[in-house]
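Please open the structure in the viewer and keep the selection panel at hand.

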Amino acid sequence: MRRILIVEDEIGLVVPLADRLRAEGYDVEAAMDGQTGLQRGLTNTFDLILLDLMLPKLSGMQICKQLRQQEIGAPILMLTARSQVTDKVAGLQSGADDYLTKPFDMRELLARVAAMLRRHQTKSGEPLTTYTFGDVQVDMQRSAVVRSGEAVSLSTKEFQLLRHLIERRGVILSREQLLGDVWGYETATLTRTVDVHIAWLRQKLEPNPRSPEFFLTVRGTGYKFAG
Ligand code: CA
């Protein structure tokens, strides 16, 4: 599920906006002031951020700059009550990807959101930047994993295996393939290594490791990621 952060202080806008985005199948979090918004943006992984320009405590522009300085790459759609060209230009210069002037049509916003998510995901051959399954968010760029808001520590190999499985989600992969692709071994003598690492990923990331929902065993063949 794609995760969207809304940073907006007008309750009359946040509630219908969040409801509508949830109805469209997005996982939505909202922050009502600039400081909380920045905090959320820095500590959680989102696929897109809707950022109001005029906010209490920290402006949308300041948040945008700080997120980019911290290498948060999620696309940012700036919401601005002002229609002056200077604000739009400044917003884009601070690292926003697009802007929308309030009041806006909800359908227009949904179309922009969908387009930005699509663009962000399909930039020619670039790998995914973030991926969410269950209560787990994976930040590919920073090799960081967060579960229910808590950082999960993975070894380098565990993370490489996780990334490989996510990139090939839905595909059945044999132990030999995984060994070759993730560990670079040519022989099939250490397939147990794969089993051990899958078990660790289940332990750390599955709601119930004994009955996996995401890291599935395909009997007689190998594994499949179903996130
Ligand atoms: Ca505002």
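Select I11, V15 and M32 in this predicted model. Together, these residues make a nonpolar surface patch of about 250 Å².

M32 is located in the loop between β2 (27-31) and α2 (34-43).

Now turn to the aromatic rings. How many aromatic pairs are there? The count comes to six. For one of these pairs, select F133 and F215: the ring centres are 5.9 Å apart and the planes stand at 80°, so the pair is edge-to-face. An angle over 60 degrees is what places a pair in that class.

Colour the strands that hold these two residues. F133 belongs to strand β6 (residues 130-133) and F215 to strand β11 (residues 215-218), so the pair ties together parts that are 82 residues apart in sequence. Are F133 and F215 buried or exposed? Both are buried.

Finally, display the whole protein. It has eight helices and twelve strands, and its C-alpha trace spans about 65 × 30 × 30 Å along the principal axes. Of its 227 residues, 46% count as buried. The protein exposes about 11500 Å², of which carbon and sulfur atoms supply 49%. Among contacts between residues at least 6 apart in sequence, 56% join residues at least 24 apart.

Methods. Residues numbered from 1 in each chain as written. Predicted model: local features only at pLDDT ≥ 70, side-chain atom pairs only at ≥ 80, totals over all residues. Heavy atoms only, no water. Patch = residues over 30% accessible without salt bridge, like charges linked within 9 Å, V, L, I, M, F, W, Y side chains within 5 Å. Areas by Shrake-Rupley, 256 points an atom, 1.4 Å probe, with all protein chains shown as cover. Salt bridge = Lys/Arg side-chain N within 4 Å of Asp/Glu carboxyl O. Helix = DSSP H or I, 4+ residues; strand = E, 2+ residues; numbered from the N terminus. Phe/Tyr/Trp six-rings, centres within 6.5 Å; stacked < 30°, edge-to-face > 60°. Buried < 20%, exposed > 50% of the residue type's maximum accessible area, 1.4 Å probe, protein only. Contact = heavy atoms within 4.5 Å.
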